[in-house]
Amino acid sequence: MSGLPSNIAPADVAPSELPDGFSLAGPGGAAGGTGGSSAAADQAAQRDAQRQAILEQAMTPDALARLRRVKLVKRERASAVEAMIANMAMQGKMDSKISEGKLIEMLEGIVGAQQQKKGDAGKISIQRKKYNFDSDSDDDNDDDLL
């Protein structure tokens, strides 16, 4: 589409109907309609529309809403789950629609896989300095300090 949200359709307006000072150029500077868009952008928009249609058919409304909320915060995780669901749907490996619980399991699986790739990068380790007067022996009574 032309940069509009999916629930807003572009209006067919003739240039003569526009008020003075207005043009058909969109916020990005491209002219409205199909005249100013490139073939690559059209193909990308078509792929995105196909992916959204597959997701809407493969997921329950609650799961789709949760995925959209996750996409606002963690775009790469949501994209990974979308790709996984689209692949499953195209290969016919889905027996029923994906529920919100199943979506949560898929997201947790992706988070676990990403943490395994990172290794110790996400862990915090605290190492205390050892001083000569610190003793780790069994003689830890502090009676001599009083």
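Contact is taken here to mean heavy atoms within 4.5 Å. The structure is a predicted model. Its chain holds four helices and zero strands, and the order of elements from the N terminus is α-α-α-α. Of the 146 residues in the chain, 12% are buried. Among contacts between residues at least 6 apart in sequence, 55% join residues at least 24 apart.

Helix H2 comprises the 13 residues 61–73. At 1.5 Å a residue H2 should span 18 Å, and the 19 Å between its end C-alpha atoms agrees with this. Its buried residues are Ala63, Leu64, Leu67 and Val70. These lie on the same side of H2, because the arc they cover around the axis is only 120 degrees. Pro61, Asp62, Leu72 and Val73, on the other side of H2, are exposed.

A packed pair of helices is described by the angle between the axes and the distance between them. For H3 and H4, the axes come within 10 Å and cross at roughly 120 degrees. H3 is therefore oblique to H4. The crossing of the two helices is right-handed.

Terms used: Residues are numbered from 1 along each chain as its sequence is written. This is a predicted model: local features need pLDDT of at least 70, side-chain atom pairs count only at pLDDT 80 or more; totals for chains, interfaces and linings use all residues. Side-chain values use heavy atoms; hydrogens and water are left out. The expected span of a helix is 1.5 Å times one less than its number of residues. Buried means under 20% relative accessible area, exposed over 50%, partly exposed in between (1.4 Å probe, protein chains only). The arc is that of the directions from the helix axis to the C-beta atoms. Axes are lines fitted to C-alpha atoms, for helices over the stretch in contact, and angles run from 0 to 180 degrees between N-to-C directions. Angles under 35 degrees count as roughly parallel, over 145 as roughly antiparallel, 65 to 115 as roughly perpendicular and the rest as oblique. A crossing is left-handed if the near helix is turned anticlockwise from the far one by less than a right angle, and right-handed if clockwise.
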